[in-house]
Amino acid sequence: MAADETYFPEDLFADLDRTGPVPLYYQVSSRLESAIRSGAIPAGARLENEIAIAQRLGLSRPTIRRAIQELVDKGLLVRRRGIGTQVVQGQVTRQVELTSLYEDLQNSAHTPGTRVLAHRLVPATEDVARGLGVAVGAEVVYIRRQRSTDGIPVAVLENYLPREFADITTEQLETRGLYQVLRARGVTIRVAQQKIGARRAHGDEGDLLDIDGAGPVLTMERIAFDNTGRAFEYGHHCYRPDMYSFETTLVAK
């Protein structure tokens, strides 16, 4: 199937029950879901638009829109501006552990991609200075990246590092995870303070994540320390909620 072709398994809907008690949107949604989960509709396939599907099936556009939205809400389909509705490669579920997103994607059989948006020295703000344990106004390394999984944007990552890491190159950041780069330099990653939350997207985050400009995003703030107790990273990241989730195990005491 060529990259610009759309996909629609019309035979799935040959026997829709148009007079029974089961809503038509549910019948369409459940059949599409079964086909996606079984692989009959492959990951990455782009569906025809709602108008075309409605015309093919002789149904109303609101019926098809609701069916599609059910699968978007389940993380099986994603709406991408300029591309259309696409079957996702699988939502990224991340354990709440001291790992990088790049490593988590690799370990879960996804293909990580990185676009470096900013990479420069900046004066430390109060928050950054407090996080890294440096003086306000001291030069620190600022890195901003767009992370994708299997070609679909999933996160915007902002990191601040001590001045000594200013020689990390853009090429390294594009081809490896930040923690991989730091470990190669002898940093022993030991412990981190981490906070997970949610908010509305702001600035250019909507464009970078391919979501509505004021849509919701998951957030994570982290201060990581090496084996000497020194902070080597202060970061705050945002993630697409339909493509990403955090997972942890709770144990009773």
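Asp 210 counts as buried, at 10% relative accessibility (buried means under 20% relative accessible area, exposed over 50%, partly exposed in between, with a 1.4 Å probe and protein chains only). This is a predicted model, where local features need pLDDT of at least 70, side-chain atom pairs count only at pLDDT 80 or more, and totals for chains, interfaces and linings use all residues. Residues are numbered from 1 along each chain as its sequence is written, and side-chain values use heavy atoms, with hydrogens and water left out. Here's the tour, starting with that aspartate and the pocket around it.

- Asp 210 sits in the loop between helix 8 (205–209) and strand 9 (helices, H or I, of at least four residues and strands, E, of at least two are DSSP runs, numbered from the N terminus).
- The phi of Asp 210 is near 60°, which is a positive value in a residue other than glycine.
- Asp 210 and Arg 80 are 130 residues apart in sequence, yet their C-alpha atoms are 6.1 Å apart in space.
- The largest pocket holds about 330 Å³ of space. For pockets, a 1 Å grid is laid over the protein atoms alone: a cavity is a set of points where a 1.4 Å probe fits but cannot get out, while a pocket is an open set with protein on both sides within 12 Å along at least five of seven lines, and lining residues have an atom within 4 Å of a point.
- As for volumes, grid points are joined across faces, edges and corners, and a volume is the space filled by probe spheres set on the points.
- Of the 13 residues lining the largest pocket, Arg 79, Asp 210, Ile 211, Asp 212 and Asp 242 lie nearest its centre.
- Strand 2 (residues 77–80) provides the largest share of that lining, three residues.
- By type, the lining of the largest pocket has seven charged, five nonpolar and one polar residue (Ala, Val, Leu, Ile, Met, Phe, Trp, Tyr, Cys and Pro count as nonpolar, Asp, Glu, Lys and Arg as charged, and the others, Gly among them, as polar).
- The largest pocket lies between domain 1 (10–87) and domain 2 (97–247), because both give residues to its lining; the domain bounds come from an automatic or database domain assignment.

**The second largest pocket**

- The second largest pocket has about 220 Å³ of volume.
- It has 15 lining residues, and those nearest its centre are Arg 199, Thr 219, Met 220, His 236 and His 237.
- Strand 8 gives the most to this lining, with four residues, and strand 7 (152–162), strand 8, strand 9 and strand 10 (231–239) each supply at least two.
- The lining of the second largest pocket splits into six charged, five polar and four nonpolar residues.

- Six strands make an open, antiparallel sheet in the order 5-6-7-10-9-8 (two strands pair if DSSP finds at least two bridges between them).
- Strand 5 (112–123) and strand 8 (189–200) are the edges: each has a single partner strand, so one side of each is left without a neighbour in the sheet.
- On average, neighbouring strands of this sheet are turned by 15° against each other, direction ignored (axes are lines fitted to C-alpha atoms, for helices over the stretch in contact, and angles run from 0 to 180 degrees between N-to-C directions).
- Strand 6 (residues 139–149) is largely enclosed by the rest of the structure, because 10 of its 11 residues are buried.
- Strand 5 and strand 6 pair antiparallel over 11 bridges, with Thr 114 opposite Arg 147 in strand 6.
- Strand 6 also runs antiparallel to strand 7, joined by 10 bridges, and here Tyr 142 stands opposite Tyr 160.
- Strand 6 and strand 7 form a hairpin with two residues between them, and Asp 150 in the turn has a positive phi of about 55°.
- At the other end, strand 8 and strand 9 (residues 216–226) are antiparallel and joined by 11 bridges, with Pro 216 in strand 9 as the bridge partner of Arg 200.

- A three-strand open sheet has the order 1-3-2 and antiparallel pairing.
- Its edge strands are strand 1 (46–47) and strand 2, each pairing on one side only.
- Four bridges join strand 2 to the antiparallel strand 3 (residues 84–87), and Val 78 has Gln 86 in strand 3 as its bridge partner.

**Ile 53**

- Ile 53, in helix 2 (residues 50–57), is buried, with a relative accessible area of 2%.
- Ile 53 and Phe 8 are 45 residues apart in sequence and 7.9 Å apart in space, C-alpha to C-alpha.
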